[in-house]
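Here's a quick briefing on this model. Have a look at the fold first, then read on for the sheets, the helices on them and the confidence.

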Amino acid sequence: MASLFLFIVVRWLATLSVSDFSGTEAESHEPLGQSEIIFLGTGTSEGIPRVSCLTNQSKTCPVCSKATEPGNRNRRRNTSILLRYTSSAGRFNILVDAGKFFYHSALQWFPTFGLRQIDAVLITHSHADAIGGLDDLRDWTNNVQPYIPIYVPKRDFEVMKKTHYYLVDTSVVVPGAAVSELQFNIIEEEPFVVHNLKVTPLPVWHGGGYRSLGFRFGDICYISDVSDIPEETYELLKNCKLLILDALRPDRSSSTHFGLPRALDEVRKIKPARTLFTGMMHLMDHDKVNEYLAKLMETEGLDVQLSYDGLRVPVNV
Ligand SMILES: [Zn+2]
Ligand SMILES: [Zn+2]
């Protein structure tokens, strides 16, 4: 009987939007505004600046030094975007990844951009810079909303069962202890719908034999962790207006990430109207690389630039 009651409650919860629970943007009578993408983080796993660059007595790292200046665009946290999606049903905040530095990104950008609740989290893969911040979602589920839907591939959910066992199976939590209330939804490499928005997974390789997902929303394609693109995924990248693509370092690719030359070759192949690179390490100087990239507009007509933490791009989805 108790389990039947629980089942009914869970089914009822599932029929409600997260926004049904609190004062929300969706309920306000203000104009909802245009959809937009907010870059919460654009750096590689270790973050920019590197601590070791700042403590090195024998050598000054130019990019990490600049990254310590307030507001400098070389300051980068783990790759993550937030799609603020406006539809006839309201406005929804769809987060892609919550990595190790999620708390610090949210601390800076949620108040800056008037963001409050998180209506869904899409997971690209289960490395620490993509899921290391799941624990910090407790602030939202304790104080903003009752739960957060997470969309995650099965293979990464299996990893989470180990790394975040107490979030997946809350029966192991001591009664009264506060943990994030996450509702896990297993996704396949097939399109799915989140708050009436069609999301198309973009399967890519992220190192030999390891799969990561990009996501397509309308004409926007986001691929943060990629070393190779399978032939069938190019089909899903056709007619892309805005491509957000991994570019780790200026000179060469690594075994798990595109470097800038390879990323540019992919842009020439995919032919998006505009590209913003993400996932940059400390060898990528924001202004210098962007200066170089701006020249490609003159010579090849390529609209390519580096993104930066806090960049906000209006989009139509
Ligand atoms: Zn450095
Ligand atoms: Zn990764």
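One open sheet has seven strands in the order 6-5-4-3-2-1-14, with mixed pairing. Helices (H or I, at least four residues) and strands (E, at least two) are DSSP runs numbered from the N terminus, and two strands pair if DSSP finds at least two bridges between them.

This is a predicted model, where local features need pLDDT of at least 70, side-chain atom pairs count only at pLDDT 80 or more, and totals for chains, interfaces and linings use all residues. Residues are numbered from 1 along each chain as its sequence is written, while chains are lettered from A and ligands numbered from 1 in the order in which they are written.

**The sheet with strands 1 and 2**
- Strand 6 (182-187) and strand 14 (312-314) sit at the edges, each pairing on one side only.
- Ignoring direction, neighbouring strands are turned by 25° against each other on average.
- Strand 1 and strand 2 are antiparallel and share five bridges; Phe-39 has Ile-81 in strand 2 as its bridge partner.
- Helix 7 (residues 154-163) packs on this sheet, touching strand 5 (148-153) and strand 6, and its direction makes about 115° with that of strand 5. Axes are lines fitted to C-alpha atoms, for helices over the stretch in contact, and angles run from 0 to 180 degrees between N-to-C directions.

**Helix 4**
- In helix 4 (residues 102-112), Phe-102, Ser-105, Ala-106 and Trp-109 are buried (20 or more other C-beta atoms within 10 Å of a residue's own, with C-beta atoms placed from the backbone; exposed is 12 or fewer, partly exposed in between).
- Those buried residues fall within an arc of 100° seen down the axis of helix 4, so they line one face; the arc is that of the directions from the helix axis to the C-beta atoms.
- They pack against strand 1 (36-41) and strand 2 (80-87).
- Over on the other side, Leu-107, Pro-111 and Thr-112 are exposed.
- Gly-114 follows helix 4, with a positive phi near 65°.

- Strand 9 (residues 211-217) and strand 10 (residues 220-223) run antiparallel, joined by three bridges, and Arg-216 stands opposite Cys-221.

**Confidence**
- Mean pLDDT (the predictor's confidence in each residue, from 0 to 100) is 91 for the chain, and 90% of residues reach 70 or more.

Definitions and conventions: Two residues are in contact if their C-beta atoms, placed from the backbone, lie within 7 Å.
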